[in-house]
Amino acid sequence: MKVSIIVTLKKDVLDPQGSTIMKALKGMNFNNVNEVRQGKYFEIDIEEKNNKKAEDKAAEMCEKLLANLVIENYKIIGSQ
Amino acid sequence: MNSSVIIFPGSNCDRDMAVALKKFGFKNKMVWHEDSDLPKSDLVVLPGGFSYGDYLRCGSMASKSKIINSVINYAKSGGLLMGVCNGFQILTETKLLPGALLRNKLSEFICKNVFVKVNNIENNYFNKIKKKILELHIAHNEGNYFCSDNQMKEINDNNQIALFYCNENGESKDDSNPNGSKKNIAGIFNKEKNILGMMPHPERMIDKYLSGDDGSIFFENLLNNLK
């Protein structure tokens, strides 16, 4: 079972990489960009047949390692 | 006094730290990250560098390494534990210190001398220190100290701020904040003040002819406090 996870910086945490990417996009004439926030995507193959169990395991991985909850949020976006 | 410096793959200030500790009289041992036991130590140091290539988040992989359980047990039983630069990042990732270190505000690696002001001397690290404004070196990409408002309240209530970035007169202003750290924070303690994390490198300032001497003041003072 593959579980997909997105980790993003919390709203009030500064994202200098996102700001720099936005400036580059504007320099390329994408003038209607308001904000860019950069995150991380994980795809984890878990030895498990039940979706809920696999996602629960992935959530535990996020809490313990994949995300730093002081500055980041995580979202399990699906499993298949 | 016995000290231990932990080496992770990618640490690169471990030997500088060992040189500094020995210079001021510590009997130092280097400890590999895959060891499970710490030698008997009066001080344990997590050095600067790029442990595990800064993969995932700076310090995150080191915070799960084999040696770290012994380090956590040592610190929780009151042992002195100091993390410099990447070591500070590891201490926040282990949750031994509150907050996190974000990418520098201006998205650039900063490598320069800065001034820091000692904020709290009621601890083994800074008690009786003869200078309160120290010139130290910083070299980091992720030194922008961040914590939640609740954590900041707790940090203030428990007098946990160790060092502020400041100018040479000791004034902490926006233009003396090199990386965007909240409240100009350059270093913090845990509540009990036996754990210190700081971005500046005292081990790089131990020779007045090569760099500067303010790191020497720090190490000499620390050793005297432990005697």
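Just after helix α1 of chain A, A:N29 takes a positive phi of about 75°. By helix I mean a DSSP run of H or I with at least four residues, while a strand is a run of E with at least two, and both are numbered from the N terminus. What we are looking at is a predicted model, where local features need pLDDT of at least 70, side-chain atom pairs count only at pLDDT 80 or more, and totals for chains, interfaces and linings use all residues. Residues are numbered from 1 along each chain as its sequence is written, and chains are lettered from A and ligands numbered from 1 in the order in which they are written.

Let's stay with that helix for a moment. α1(A) has twelve residues and reaches 16 Å from its first C-alpha to its last, close to the 16 Å expected at 1.5 Å a residue; the expected span is 1.5 Å times one less than the number of residues. A:G18 sits in this helix. Is A:G18 buried or partly exposed? It counts as partly exposed, because it has 16 C-beta neighbours inside 10 Å. The scale, for reference: a residue is buried if 20 or more other C-beta atoms lie within 10 Å of its own, exposed if 12 or fewer, and partly exposed in between, with C-beta atoms placed from the backbone. Leaving out residues up to four places away in sequence, A:G18 touches A:V36, A:R37 and A:Q38. Touching, or contact, means that the C-beta atoms of two residues, placed from the backbone, lie within 7 Å.

Now the sheet in chain A. Three strands make an open sheet in the order β2-β1-β3, with antiparallel pairing. Two strands pair if DSSP finds at least two bridges between them. β2 (39-45) and β3 (72-79) of chain A stand at the edges with a single partner strand each, so one side of each has no neighbour in the sheet. The twist averages 20° from one strand to the next. Strand β1 (residues 2-9) of chain A is joined to β2(A) by seven bridges, running antiparallel, and A:I5 stands opposite A:F42 in β2(A). Helix α2 (residues 51-66) of chain A packs on this sheet and touches β1, β2 and β3 of chain A, with its direction at about 160° to that of β3(A). For those angles, axes are lines fitted to C-alpha atoms, for helices over the stretch in contact, and angles run from 0 to 180 degrees between N-to-C directions.

How do the two chains meet? Nine residues of chain A are in contact with 15 residues of chain B. Helix α1 (residues 16-27) of chain A gives the most to chain A's side, with three residues. By class, that side has six nonpolar, three polar and no charged residues. Here Ala, Val, Leu, Ile, Met, Phe, Trp, Tyr, Cys and Pro count as nonpolar, Asp, Glu, Lys and Arg as charged, and the others, Gly among them, as polar.

Over to chain B. Its open sheet has nine strands in the order β2-β1-β3-β4-β11-β10-β9-β6-β7, and the pairing is mixed. The edge strands are β2 (27-32) and β7 (133-140) of chain B, each pairing on one side only. Strand β1 (residues 2-7) of chain B pairs with β2(B) in the parallel sense over six bridges, and the bridge partner of B:I6 in β2(B) is B:V31.

Have a look at strand β11 (residues 195-198) of chain B as well. Both of its faces are covered: B:I195 and B:G197 on one side and B:L196 and B:M198 on the other are all buried. Four bridges join strand β4 (residues 80-84) of chain B to β11(B) in parallel, with B:G83 opposite B:G197. Strand β10 (residues 185-189) of chain B pairs with β11(B) in the antiparallel sense over three bridges. In the hairpin of β10(B) and β11(B), which has five residues between the strands, B:K193 takes a positive phi near 70°.

Finally, the cores. A nonpolar core is a set of buried Ala, Val, Leu, Ile, Met, Phe, Trp, Tyr and Cys residues joined through C-beta atoms within 7 Å. Which residues have the most contacts inside the largest nonpolar core? They are B:I6, B:V116, B:F164, B:A186 and B:M198, in a core of 67 residues. Strand β9 (residues 161-166) of chain B gives the most to this core, with six residues. A second, separate core of eight residues includes A:I5, A:C62, A:L66 and A:A67.
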